[in-house]
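Me: I am new to this structure and would like to learn how to read it. Could you walk me through a few features?

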Amino acid sequence: MSDKMNDRKLVLPGEKIAEGKYRIPGAFVEGEKTYAAVIGILDAENRFIPLENKYIPMAEDVLVGVITDSRHAGYDVDLNLPNNGFIPSRDIRLTLELGDFVMCKVREVTETGDVDVGEVRRLPKGKLVSFPCAKVPRLVGRQSSMIDMIKERVGDIVVGKNGYVWISEKADIPLAMETIKIIEEEAHFPGLTDRISAFLNIQKKVE
Amino acid sequence: MAGNSDMKLVVDGKRLDGRAPEDLRPVRIETGVLHEADGSSYIEWGGNKILCGVYGPRECIPRFEASPYRALVKCRYMMSPFSSLEEHSRSGPSRRSNELSKVIREVFENVVIAEKFPNTQIDIYIDVLQAEGGTRTASITAAAVALANAGIPMRDMVSAVSAGKADEVLLLDLGKTEDNLGQSDMPIAFSRRKKDILLLQMDGLLTRDEISRMIDLTLKGEAELAKLQDETLFRFYSAPKHEEFRM
């Protein structure tokens with residue numbers, strides 16, 4: 001392992017990652033330099049990859065959530081954020097129920113951190129798993145290579161930027177969950193997509 | 001109890017446990033030890049055993065305390081009933097644990113980038129399972145690792161160590177007996193990059209010259225602790241957990 005870690009460096013909060021001011025997720029600027037705010041990896045090209053991160057909602061993000069309360073004016077939705085989101089019922093045509101899974105897009109984030117969501121779609125029955133949001137880009141893969149492969153081999157799956165992952169009830173849920181767990185644990189090791197592909201091949205053969 | 005005692009604490013430049021005056025006790029830190037916490041750590045520092053869990057940013061309770069400008073950092077330090085002698089034999093808040101919770105909270109309020117998470121709180125829970133002097137410094141060192149493990153943005157890492165004086169000798173990292181029977185005790189917390197002093201308490205009497213010498217001494221201890229924190233996080237994040245990833 002160590003030979004592959006050699007050209008990558010583990011960076012702790014407060015360590016300098018770049019000379020000059022850059023806006024990088026998980027980093028902050030002080031003076032004329034950029035420092036890591038969270039633990040991460042600095043790869044061979046000096047790119048900073050956070051290993052742990054807290055989700056900060058941004059406009060246009062696609063999120064997965066669960067309805068936690070239904071009121072006259074709309075629905076409360078758990079979006080894996082400190083505070084629940086709210087879907088006004090006049091914005092949507094469908095009727096939602098407690099425990100329904102939804103997929104939505106962030107329209108706006110207010111200054112106090114509340115999110116305004118739109119384009120709400122109900123997801124069919126399935127299972128919701130939470131996933132560390134620093135590793136969501138890895139689960140999706142470059143040009144969604146990873147998630148497309150899982151979709152093809154395991155079944156329908158939706159990944160929200162907030163770290164909630166919905167797996168369709170028609171998919172092979174135990175296999176999907178195991179795959180996701182491996183991706184979570186090995187997210188920052190090279191060659192992950194090939195390894196997951198090999199893992200799925202073996203699993204499919206066993207069946 | 002501080003002050004004079006007939007007991008010799010430093011004999012021929014060696015302390016009761018055989019350490020030299022500028023030595024730390026053996027320290028071992030682990031991270032990612034709790035499954036349900038967002039971040040966690042466990043530290044063994046001499047006879048201290050401390051478990052630390054970090055949660056958040058999450059909904060601020062009670063709601064009226066929430067700030068629309070920043071996340072609140074909350075800390076709860078607690079000694080287990082079995083951690084020490086009878087003086088801590090009842091759990092629950094006490095004058096001492098309230099003070100420690102406050103000073104530890106103030107250390108982390110200075111480094112956590114709280115402005116990113118309005119209307120929320122970040123909780124740091126510290127449970128002392130076994131105490132042998134210097135729990136506040138060990139707690140701070142462990143909590144910094146837990147916060148890094150939780151992915152809470154911070155401007156700097158923190159570690160803390162105490163210095164003191166016994167038998168007219170300046171000592172690094174006081175143990176329980178040295179703390180209770182020695183002449184003076186000074187816990188101190190540093191931020192790693194800027195070496196800001198985030199905690200400084202003092203018990204007993206010291207001269208100005210002694211204080212500046214003790215700060216130099218604790219800076220050496222801080223460098224050692226920083227290395228240990230690095231190693232802990234490196235071990236946790238660079239070890240693959242699955243067989244097929246081992247090479």
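Predicted model: local features only at pLDDT ≥ 70, side-chain atom pairs only at ≥ 80, totals over all residues.

Me: Which strand order does the open sheet of chain A have?

Reply: In general, strands of a sheet pair through backbone hydrogen bonds, either parallel or antiparallel. Here three strands of chain A form an open sheet in the order β2-β4-β3, with antiparallel pairing. The edge strands, each pairing on one side only, are β2 (16-19) and β3 (27-30) of chain A. From one strand to the next, the twist averages 30 degrees. Strands are DSSP runs of E, at least two residues, and helices are runs of H or I, at least four, numbered from the N terminus; two strands pair if DSSP finds at least two bridges between them.

Residues are numbered from 1 along each chain as its sequence is written, while chains are lettered from A and ligands numbered from 1 in the order in which they are written.

Me: How many bridges join β2(A) to β4(A)?

Reply: Three bridges join β2(A) to β4 (residues 33-36) of chain A. Among the partners, Ala18(A) is bridged to Thr34(A) in β4(A).

Me: How many residues of chain A are in contact with chain B?

Reply: Contact means C-beta atoms, placed from the backbone, within 7 Å. 26 residues of chain A are in contact with 34 residues of chain B.

Definitions and conventions
Axes fitted to C-alpha atoms, helices over the stretch in contact; angles between N-to-C directions. Contact = placed C-beta atoms within 7 Å.
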